[in-house]
Amino acid sequence: MAPHSKAGAALAALRDDLAGDVFAPGDPGYDGARTVFNGLVDRRPAVIARCADPADVVRAVRFGRDLDLPIAVRGGGHGVAGTALGDNALVVDLRRMHRVTVDPAGEAVRVEGGATMGDLDRATQPYGLATTGGRASTTGVGGFVLGGGTGWLDRAFGLAVDNLLGVELVTADAERVHANPDENPELFWALHGGGGNFGVATALTLCLHEMPEFSLALLLYLPRFGPDVVRTFREVVHAGPDELGGAVLYLTGPPHAFVPEHLAGTLVCGALLTYAGRGEDLRKLAEPLLALPHEAELAGDMPYADAQCLFDVPSGLRNHWSAEYLTGLPDKLVDVFCARADTMLVPTHTQHLLFPQGGAVAAGPHEWPVPYRDAAWAAHPLAVWADPADDERAAAWVRDVRADVRPWSTGAVYLNFIGDEGAERVRAGLGAGNGLRLAKVKRRWDPDNVFRFNHNIRPV
């Protein structure tokens, strides 16, 4: 932006007005500010506004509208699709806004838009309270919740959107509004799965649940036992209470103290059971898995916020994720799933997951635009690697996983798990019957599609 142009003058004014920081091409810190979790994403925004408070967000959005810039929103976490950045766009960066305020008496929590799950879980844990979060401490709360929100506690407490009490939003007109069951209820409905299409969520209020104790069991097996592990895990979860969750996964043997040296850097099959309760009760539930020949075992009570860190992945690696939601987990599908582990990238942070739904997920409200709620299981391939030479191999493996399990797919998908897979997949993630209603909400709140760097809903 030329310093004497209208844009240059507006940028200078933004630098003066913003309590936070402003980065433009050529500024010290610009390249760092445009670096995101997924190392495959390399985009050059026109301006990055790292906002300190909601007033900053209003100023930034007004700046973007005055210059007719499309606006991308960056929360606190992964955003694997890379939608936190847009070439020649304004990025509203919320990472300085990460305050978490717990109301233990009201069993609710207000979370600013740049907070991560680690911020949320560390704040609620001293009160023996929790809500459904993602499967890593580095997940951003805002994008996670607005996209639907599935995690280790969803069978116990429902999807994240089932726990959403209200959203504070800055709209495309740079207005601050509230969305809850009483204020702007149609907007509130759309925010239950519609993601960042409708504005910048500066804060969310979530319902909390009593969870004084948490425990987990992580067992590692040689890959040849994979089919037995998956079938046993399936039966353990089906027979267990809603408080029991987890996943069965193939991964590279991690460098944890409980993992023997001969597994490090090799393909292993893992069974992870998470439990909103005591470790001694979890051990009883896990007995069939413990009875299988396993190479490593971590089992017992663990603070939930610590458990959330077990599968954190370093930022900056190359990521390609996807998912298919499944009608069930018959033996044939188990065999197909396990066979595909042979072609995954090892040693890398790649994970080949199956996780159960049911419980409070299936029992939750069906009016929200989250069409994957009724699926029994989900297959979730996460290719995570460092070497650009592996790009095609990684993408091909993810495609192969999807193709393998497609005969059992419900057709629905959780949009936070995927990148740009086309308009049909966006419709599959929002629900075919919700498209027109969502598009009308979009027209009401963002008729010019200013917020288009997302799984986009076009206004009609």
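Axes are lines fitted to C-alpha atoms, for helices over the stretch in contact, and angles run from 0 to 180 degrees between N-to-C directions. With that in hand, here are some close-ups of this predicted model.

**View 1. Helices α12 and α14 pack against each other.** Helix α12 covers residues 331–340 and helix α14 covers residues 391–405. Their axes lie 10 Å apart, at an angle of about 170 degrees. Angles over 145 degrees count as roughly antiparallel, and α12 and α14 are therefore roughly antiparallel to each other. Look for L333, V336 and R340 on α12; they make the contact with W397, D400, V401, D404 and V405 on α14. Sorted by class, this contact has five nonpolar residues, three charged ones and no polar ones.

**View 2. Strand β14 is largely enclosed by the rest of the structure, because nine of its nine residues are buried.** Follow β14 through residues 267–275. Strand β12 (residues 215–221) runs antiparallel to β14 and is joined to it by seven bridges; A217 stands opposite L273 of β14. Strand β13 (residues 244–252) also pairs with β14 in the antiparallel sense, over nine bridges, and here Y250 stands opposite C269 of β14.

**View 3. Five strands form an open sheet.** Trace the order β5-β6-β10-β8-β9, with antiparallel pairing. The edges are β5 (100–103) and β9 (176–179), each pairing on one side only. On average, neighbouring strands of this sheet are turned by 15 degrees against each other, direction ignored.

**View 4. F198 sits in the largest nonpolar core.** This core has 84 residues, and L187, F198 and Y325 touch the most other members. Which residues is F198 in contact with, leaving aside its neighbours within four places in sequence? They are L169, T171, L187, A190, L191, L438, V441, K442, W445, F451 and I457. Another core, of 42 residues, lies apart from this one; among its members are V229, Y250, F337 and C338.

Definitions and conventions. Residues numbered from 1 in each chain as written. Predicted model: local features only at pLDDT ≥ 70, side-chain atom pairs only at ≥ 80, totals over all residues. Heavy atoms only, no water. Core = buried A, V, L, I, M, F, W, Y, C linked by side-chain atoms within 4.5 Å. Buried < 20%, exposed > 50% of the residue type's maximum accessible area, 1.4 Å probe, protein only. Contact = heavy atoms within 4.5 Å. Helix = DSSP H or I, 4+ residues; strand = E, 2+ residues; numbered from the N terminus. Parallel < 35°, antiparallel > 145°, perpendicular 65-115°, else oblique. Nonpolar A, V, L, I, M, F, W, Y, C, P; charged D, E, K, R; others polar. Pairing = 2+ DSSP bridges.
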